[in-house]
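This briefing concerns the packing, salt bridges and helix geometry of one protein model. Please consult the sequence and the structure shown here alongside the points that follow.

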Amino acid sequence: MASAILEIIVILILIILTGYLSMAELAVVSVRRAKMQKYLEDGDERAQIVFDLLEDPNEFLSTVQIGISLIGVLTGALGGVALAKPLSQLIPFVPYNEQISVAIVVILTTYLTLVVGEIVPKVIALNDPEKISLRVAKGMLILSKVSKPVSFVLAKSSSFLLWLMRIENRNDDLVTEEEIELMIKEGIEDGTIEQEEEDIIKRVFKLDDQKVETIMTPRNEIIWIDLEDSKEINKVKITESKRSIFPIAYGELDDFMGVVQAKDGNPGTFKRI
């Protein structure tokens with residue numbers, strides 16, 4: 001009985017290790033490089049380890065799968081062989097008790113592996129992939145060094161198969177305008193981005209679609225207030241112009257001093273801004 005309890009504890013530990021590897025795998029591949037770069041700039045050395053793991057995703061994924069596969073084999077062996085026999089002895093008078101015991105052990109082991117070893121760890125990883133990646137970085141580095149020969153062969157084999165299928169192994173992390181707009185929308189829904197900030201960002205995206213003359217005025221067409229001119233001359237400039245804001249200079253436009261805004265309905269009165 002004591003040996004069976006010990007075997008159950010070992011199986012639970014193996015399932016937890018499977019969850020750890022699953023969480024590490026999804027967290028690292030889901031990392032946003034911009035956020036991880038911030039950790040690196042703040043002096044967190046673990047961020048560099050994460051970047052090193054992402055340099056060759058094939059090798060990293062091979063490393064994780066080696067660990068998960070080995071743990072799966074050990075879990076199956078202990079569960080199917082070690083636990084099924086003691087369980088069958090608890091129901092000696094039931095027909096096909098050995099087969100039933102094996103089925104019960106397999107179902108329970110599969111259930112725990114799915115919940116504890118897959119679903120829960122991956123949800124945790126998706127909630128904050130950057131922080132999870134930093135926590136598992138050193139462990140993944142050690143595992144990658146230990147399994148280097150095997151993971152190298154698996155990574156090269158995967159790359160060869162991808163090459164045969166004409167699938168490019170891309171490792172870029174480009175951010176498109178559409179993705180930024182989606183993130184802004186999520187930020188507004190969460191309350192972290194204001195509506196005014198969204199308007200400013202959208203105007204920035206529209207700049208490349210506009211012609212220069214729509215946002216800039218040629219120097220020789222600028223209507224400006226020369227402080228050397230009389231008040232009457234400047235008043236005429238303002239009244240004849242459709243603009244409401246005027247640069248102020250002294251003698252020449254290069255000697256720029258600021259801008260004034262003419263109040264609507266009273267072009268002879270100025271307000272410095």
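Leaving aside residues up to four places away in sequence, Met36 touches Val31, Ala47, Val50, Phe51, Glu130, Ser133 and Leu134, where contact means heavy atoms within 4.5 Å. This is a predicted model, in which local features need pLDDT of at least 70 and side-chain atom pairs count only at pLDDT 80 or more, whereas totals for chains, interfaces and linings use all residues. Residues are numbered from 1 along each chain as its sequence is written, and side-chain values use heavy atoms, with hydrogens and water left out.

**Nonpolar cores**

- A nonpolar core is a set of buried Ala, Val, Leu, Ile, Met, Phe, Trp, Tyr and Cys residues joined through side-chain atoms within 4.5 Å; buried means under 20% relative accessible area, exposed over 50%, and partly exposed in between, with a 1.4 Å probe and protein chains only.
- The largest nonpolar core has 24 residues, of which Met36, Val50 and Met140 touch the most other members.
- Two or more residues of this core come from each of helix 1, helix 3 (45-55), helix 4 and helix 6; helices are DSSP runs of H or I with at least four residues, and strands are runs of E with at least two, numbered from the N terminus.
- Another core, of 6 residues, lies apart from the largest one and includes Ile225, Ile238, Ile248 and Val260.

**Salt bridges**

- The model holds 7 salt bridges, each defined as a side-chain nitrogen of Lys or Arg within 4 Å of a carboxyl oxygen of Asp or Glu.
- One of them joins the side chains of Arg32 and Glu130 at 3.4 Å, N to O. Arg32 lies in the loop between helix 1 (2-29) and helix 2 (33-41), and Glu130 lies in helix 6 (residues 129-146), so the pair ties together parts that are 98 residues apart in sequence.
- Arg32 is partly exposed, at 42% relative accessibility, whereas Glu130 is buried, at 1%.
- The side chains of Glu59 and Lys148 form a salt bridge at 2.5 Å, N to O. This pair links distant parts of the chain, with Glu59 in helix 4 (residues 57-90) and Lys148 in helix 7 (residues 148-164), 89 residues apart.
- Glu59 is buried at 14% relative accessibility, and Lys148 is partly exposed, with a relative accessible area of 40%.
- Through shared partners, salt bridges join Arg32, Lys35 and Glu130 into one network.
- Lys38 and Asp42 also meet through their side chains in a salt bridge (3.0 Å, N to O). Lys38 is partly exposed at 45% relative accessibility, and Asp42 is exposed, with a relative accessible area of 54%.

**Helix 6**

- The 18 residues of helix 6 should span 26 Å at 1.5 Å a residue, and its end C-alpha atoms are 24 Å apart, which agrees; the expected span is 1.5 Å times one less than the number of residues.
- Helix 6 bends by about 45° at Val136, the bend being the angle between axes fitted to the seven residues ending there and the seven starting there.
- Among the buried residues of helix 6 are Pro129, Ile132, Val136, Ala137 and Met140.

**Thr75**

- Thr75 is located in helix 4 and counts as buried, at 5% relative accessibility.
- A polar atom of the Thr75 side chain lies 2.7 Å from the backbone oxygen of Ile71.
- Not counting residues up to four places away in sequence, Thr75 touches Ile11, Leu14, Ile15 and Thr109.

Note on methods. Polar contact = N/O pair within 3.5 Å; in protein donor to acceptor, adjacent residues only side chain to side chain.
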